[in-house]
Amino acid sequence: MAEPKTTSPTPGDMYKGWLFKWTNYIKGYQRRWFVLSNGLLSYYRTQAEMGHTCRGTINLATANITVEDSCNFVISNGGAQTYHLKASSEVERQRWITALELAKAKAVKMQAESDDSGDEAPVSSQGDKSEFQSMLRTLTCKVEDLSTCHDLIGKHGAALQRSLSELESLKLPPESGDKIRQVNERATLFRITSNAMINACRDFLSLAQTHSKKWQKSFQYEREQRIRLEETLEQLAKQHNNLERAFRGATVLPASSPGSASSSKGSGGGHGKGDLSDDDENEFFDAIEDAPEFITVPADPKYHKRTGSNVSGISSEMGLEDHLREEQQQQQAAANQESASKELVPRKKRRTRIPDKPNYSLNLWSIMKNCIGKELSKIPMPVNFNEPISMLQRLTEDLEYSELLDRAAKCESSLEQLCYVAAFTVSSYSTTVFRTGKPFNPLLGETFELDRLEESGYRSLCEQVSHHPPAAAHHAESKRGWTLRQEIAIASKFRGKYLSIMPLGTIHCLFANSGNHYTWKKVTTTVHNIIVGKLWIDQSGEIDIVNHNTGDKCHLKFAPYSYFSRDVARKVTGVVTDSSGKAHFILSGTWDEKMDFSRVMQSTRGENGAEGRQKTVYQTLRAKDLWRRNPLPENAENMYYFSNLALSLNEEEEGVAPTDSRLRPDQRLMENGRWDEANSEKQRLEEKQRAVRRKRESEAVKPEEDADPKDSPPDSPIKSAHVDTYKALWFERKEDPVTREITNVYRGGYWEAKESQDWSACPDVFSTS
């Protein structure tokens, strides 16, 4: 291991060398290049990175240096940053310890000198600003005193000069004694005034000398900060330029490749247990702009005419007929929907507004300081972070654009049907663009029903089937020929500036007429500016919608937001392919506004572009609207940016189960603007849920105590003392025949219980008893 120096450095030198740094339990200690300079210890992956990419820096002035053994030592600045380091030998470790202690002593001394000067650093805080203004007023008064003394000295000096002149002109008359006394008085006044001026000058000089050091340090600090900022910006610019070059030269699989989704997901990597400050193993570059994986161009005009030509096995005449047939189907579907609406019972009038959101201020630190050392799942978060609906109701909002599934059920072509299913998948994110509030975590056994048979032809049921980890099951069925079911659990990861929310679970959509069975998973939701700034939400990732009946597939890509991107924000693109991998439709749009689709008439492999990869060029017909977002209701910004469907979800209804989210008291209190009462009620419900769980676990332990361990096999579940024995009421765990996943499937009986109003099987979730 080569070292740049073989002797202990002097305090003013820069010290550099290789050390092993602990990263995580998977990779253990990794070799890193460390640089010690100006009281700062920085590290890089390689020496070449010193010019553009610093992986971490710790200030030694506030750091603790601890020696663990002959080669290992730890540097920590109070918990925010901790470096576990290992040298190649005991001698090398001692060199580093000596250099670090000298650098720390020098940094502490500089900081102490700055403190002795009567100032912190820059004059930036309100206290420093008022002190600076007071100092200026004092100096101004001293200058005015000097000016007054100057005037008095001139006046008394002139009087003294006149008296002396008069004394000289006298020839010792009797009144000479009076004149001499007058001269003495003038001289005395002059002496007193001169002394006052000297004292004022001394005070002024003392103040100027005292604060000049402070000003010099402040100016020097600002200059160093400016230089450091310029160097950082220069490094960022170089790093961005290098990343763009590396990105253009990288080879990426095309969208139709089966490995594209897995490779993109694998690139994020996951941290094991270890030092969270070491982010060099899991980089996240928000400024990189993804290059498109394919190019679309307008199809040749011959495809719009009735000619008998055939290119790539696709008849232009057939393509035109399909295009016309699509328009006829849409017109027929609209006519059928209009006629069906006339036959239905008049729709129930739903509410169109809720009480305005109160403007309560929230001190984040007053909450976070009480959470130090506590388990995250047991931290009581106030309703100030919430919106007045539960996660079950938010899950039901996926049906906001259920008419897309109604249209899909009428499609004769499975490929066209897949386009509508893809649009439905994208539309479920349209309500999240302004929704930064967190929904209420459902209590175990809590349910939510949405009966829209009269208005939209479907009815939906959600149930919270697990509390640790939290999971909800959802089942919706429509009399227009489709069924939607899903079980969603939420995994989240806080990364300092943003929060990543990863929904886990598979969504199933089945169509009765065709027998087509589609499955897909949700993308990652990212909430930015968690600590400082205005919250905003982004959706990113890839979705594969698979038709398990025909083998058709739609690959959707949600592009993450990039400051340097030239594309439209929140962009979504997709390709619909058949079982052989041949593209038939191109989807494009944004997840918050609209989706279009275009029929592919011909595809060719283009030449290698500037990015170093081969792109597919699709010739498509004119794009047509597939889905457009409905406008938000009036005054939505004061109603948590709820859509029309979301406004009606918490509306009181008769006949619902006693476990329905509409009956949850803390949620209702928050909706009515009584947030303090809602916080108290929320804590009561959460504590009640914990007590019920402890009771359920203790009852599960009794059979274990009564059973003979000899009669139980080694892996028997009876040996597990802390297994939550709760069983969902309306859902049961089964193996899905298509995906082979164990999931909660609707067992039936809810709507029959509602019709008879027999809720005796429902658990007591919300009562005060």
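The paragraphs below move from the whole chain to its parts.

This is a predicted model, in which local features need pLDDT of at least 70 and side-chain atom pairs count only at pLDDT 80 or more, while totals for chains, interfaces and linings use all residues. Residues are numbered from 1 along each chain as its sequence is written, and side-chain values use heavy atoms, with hydrogens and water left out.

The protein chain has 13 helices and 29 strands; helices (H or I, at least four residues) and strands (E, at least two) are DSSP runs numbered from the N terminus. Of its 769 residues, 40% are buried, where buried means under 20% relative accessible area, exposed over 50%, and partly exposed in between (1.4 Å probe, protein chains only). Among contacts in the chain with a separation of 6 or more, 58% join residues 24 or more positions apart; a contact means heavy atoms within 4.5 Å.

Leaving aside neighbours within four places in sequence, Leu484 is in contact with residues including Leu399, Phe424, His508 and Trp520.

Helix α8 spans residues 403-410, and its residues Leu404, Leu405, Asp406, Ala408 and Ala409 are buried. These buried residues pack against α9 (414-427), β15 (470-478), β16 (482-494), β18 (507-511) and β27 (624-628).

Two polar residues illustrate the buried state. His517 lies in strand β19 (residues 517-520) and counts as buried because its relative accessible area is 9%. Its side chain is joined to that of His508 by a polar contact of 2.9 Å. A polar contact is a pair of N or O atoms within 3.5 Å; within protein, one must be able to donate a hydrogen and the other to accept it, and residues adjacent in sequence count only if both atoms are side-chain atoms. Glu446 is found in the loop between β12 (438-440) and β13 (447-452), and Glu446 is buried because its relative accessibility is 0%. The side chains of Glu446 and Arg664 make a polar contact of 3.2 Å. Beyond its neighbours within four places in sequence, Glu446 is in contact with residues including Ser390, Cys462, Thr659 and Phe766.

The protein chain exposes about 41800 Å², of which carbon and sulfur atoms supply 53%; accessible areas come from the Shrake-Rupley method with a 1.4 Å probe, and for residues only the protein chains shown count as cover. Helix α3 (residues 176-249) holds Leu229.

Asn38, in the loop between β2 (28-37) and β3 (40-44), has a positive phi of about 55° although it is not a glycine. Asn38 is exposed because its relative accessibility is 76%. Arg570 lies in the loop between β22 (553-558) and β23 (571-577), and its phi is near 60°, a positive value in a residue other than glycine. Arg570 is partly exposed because its relative accessible area is 31%.
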